[in-house]
Structure formats: C-alpha cells, structure tokens
Amino acid sequence: MPEAGDLELAAPAGNLALRAAGSVAVEAGAVAIRSRIGIGLTVETPDGATQSVLTLEGGTARLAA
C-alpha cells in the first residue's frame, strides 16, 4: 500500500505502458527496476530501426550496437 503522499501505478492483472511523443524523465534519489524475466533497453532511429540494445536476463547481460 502506498504511504501518504506516494503515487502507485498498478496493473495487477495486465500490462502497463507509458508512451510519449517526446521525452520521459525519471528523477529520484534512487531508482529500482525489478523483473522476474528480463530487462531490455532499446535505442531506435526516428523511423523505428534498432540502433543499440542492452538486455539483462537469466544472469546474462548482452549489449549490441
């Protein structure tokens, strides 16, 4: 349960997507990202072509550019 003054976004029975035409900024004293399966970060060109990818899953880190 969130504490007073906190904000929680939850989709307990589905997925959650955040999309923006511009930038999304996250600023905090600390940021924690947790996943049961894996984490992927992808950089794309404006036309959607993949430029670089960082994948973390199953004890393995992969970086491609």
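Predicted model: local features only at pLDDT ≥ 70, side-chain atom pairs only at ≥ 80, totals over all residues.
Thr 55 sits in strand S2, which covers residues 50-57. Looking past the neighbours within four places in sequence, the contacts of Thr 55 are Ile 39, Gly 40, Thr 60, Ala 61 and Arg 62. One of these, Gly 40, turns up again in the strand pairing: its bridge partner in S2 is Thr 55.

That pairing is part of a bigger picture. S1 and S2 run antiparallel and are joined by seven bridges. Overall, three strands make up an open sheet in the order S1-S2-S3, with antiparallel pairing. S1 and S3 (residues 60-64) are at the edges with a single partner strand each, so one side of each has no neighbour in the sheet. As for the angle, neighbouring strands of this sheet are turned by 5 degrees against each other on average, if direction is ignored.

Next, the charged side chains. Opposite charges on side chains can pair up when the charged atoms come close. Searching the whole structure turns up one salt bridge. Here the side chains of Glu 57 and Arg 62 meet, at 2.9 Å from N to O. Both ends are partly exposed: Glu 57 has a relative accessible area of 33%, and Arg 62 has 43%. Arg 62 is also among the contacts of Thr 55.

Ala 65 is exposed, at 94% relative accessibility. Still, Ala 65 does touch other parts of the chain: leaving out residues up to four places away in sequence, its contacts are Gln 51 and Ser 52. The C-alpha atoms of Ala 65 and Val 53 are 6.5 Å apart, with the two residues twelve apart along the chain.

Finally, there is a nonpolar patch on the surface, formed by Leu 7, Leu 9, Leu 16 and Leu 18. Together these leucines have about 500 Å² of accessible area. Leu 16 lies in the segment before strand S1, which spans residues 38-44. Leu 16 counts as exposed because its relative accessibility is 54%, and the cut-off for exposed is over 50%.

Notes:
Residues numbered from 1 in each chain as written. Heavy atoms only, no water. Salt bridge = Lys/Arg side-chain N within 4 Å of Asp/Glu carboxyl O. Buried < 20%, exposed > 50% of the residue type's maximum accessible area, 1.4 Å probe, protein only. Patch = residues over 30% accessible without salt bridge, like charges linked within 9 Å, V, L, I, M, F, W, Y side chains within 5 Å. Areas by Shrake-Rupley, 256 points an atom, 1.4 Å probe, with all protein chains shown as cover. Helix = DSSP H or I, 4+ residues; strand = E, 2+ residues; numbered from the N terminus. Contact = heavy atoms within 4.5 Å. Pairing = 2+ DSSP bridges. Axes fitted to C-alpha atoms, helices over the stretch in contact; angles between N-to-C directions.
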